Amino acid sequence: MRGLIAVGFALMIAGPTFAQTPAIPAAPACAAMDASLPVGFSSWNRKASLTTAPSAEHLAHAALTLSKGYEVSLLNTPKVAMPVQPEKPGGSVAYAGLFSFTVETEGAYTVALSTPAWIDVLEDGKSLEPTSFGHGPTCTTIRKMVVFPLKPGVHTLQVSANPAASVKLMVAKKP
């Protein structure tokens, strides 16, 4: 019992000390969102509408153009037949989608999303390892950016574990 009283007394004395601990600085105020988009993402907000393919057989109807922003509609995860099982597929209340895009020149390509959904890019039927990934720049609506090394050809983009039925996305070659 004395131990509890001693702990309580120590907390009362320490209370003012904790109140003086400096606060974590707030994120900088943004004059305007998306005013300074990364190089190659100038059309991020000029988004076209596109609906996901429910399976690989329908990818021709869900083709993305490089360096073009899209607002894509996704399906409830169980309604999408992913060619390769994503590392984070999401549950039955999440949303997913399949898209295709064509690369003409070998190089590094960035996939950007407005949400923290999981991204897989498939080449020759296999999921590629990204070379880098991170958050989008401060004061933009880009939430996630993942860079993949790609060869020329048609690629499949798998989006999974998305919290909503739509997401902004874009695929662009790194400058």
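**View 1. Asp 124 in the loop between strand 7 and strand 8 of the predicted model.** Asp 124 is exposed, with a relative accessible area of 69%. This value lies above the cut-off, since a residue counts as exposed when its relative accessible area is over 50%. The loop that holds Asp 124 runs between strand 7 and strand 8, the latter spanning residues 126-127. Thr 156 is 32 residues away from Asp 124 along the chain, and the C-alpha atoms of the two are separated by 9.1 Å.

View 2. Asp 120 is buried and has no salt bridge. The nearest side chain of opposite charge belongs to Lys 144, 9.0 Å away. The side chain of Asp 120 does make a polar contact with the side chain of Trp 118, at 3.2 Å. With neighbours within four places in sequence set aside, the residues in contact with Asp 120 are Pro 86, Glu 87, Ser 127, Thr 156, Leu 157 and Gln 158.

**View 3. The disulfide between Cys 30 and Cys 139.** The model has one disulfide. The sulfur atoms of Cys 30 and Cys 139 are 2.0 Å apart, and the link is left-handed, with -85 degrees about the S-S bond. The pair links distant parts of the chain, 109 residues apart. Cys 30 sits in the loop between helix 1 (2-19) and strand 1 (48-51), while Cys 139 sits in the loop between strand 9 (132-135) and strand 10 (144-150). Both cysteines are partly exposed: the relative accessible area is 32% for Cys 30 and 22% for Cys 139.

**View 4. Strand 6 with its partners, strand 10 and strand 12.** Strand 6 spans residues 107-113 and is mostly covered, with five of its seven residues buried. Strand 6 and strand 10 run antiparallel and are joined by seven bridges. Within this pairing, Thr 110 has Val 147 of strand 10 as its bridge partner. Strand 6 also runs antiparallel to strand 12 (residues 166-173), and five bridges join these two. Here the bridge partner of Tyr 109 is Lys 173 in strand 12.

Note on methods:
Residues numbered from 1 in each chain as written. Predicted model: local features only at pLDDT ≥ 70, side-chain atom pairs only at ≥ 80, totals over all residues. Heavy atoms only, no water. Disulfide = S-S within 2.5 Å. Helix = DSSP H or I, 4+ residues; strand = E, 2+ residues; numbered from the N terminus. Buried < 20%, exposed > 50% of the residue type's maximum accessible area, 1.4 Å probe, protein only. Lys, Arg positive; Asp, Glu negative; His and termini not counted. Salt bridge = Lys/Arg side-chain N within 4 Å of Asp/Glu carboxyl O. Polar contact = N/O pair within 3.5 Å; in protein donor to acceptor, adjacent residues only side chain to side chain. Contact = heavy atoms within 4.5 Å. Pairing = 2+ DSSP bridges.
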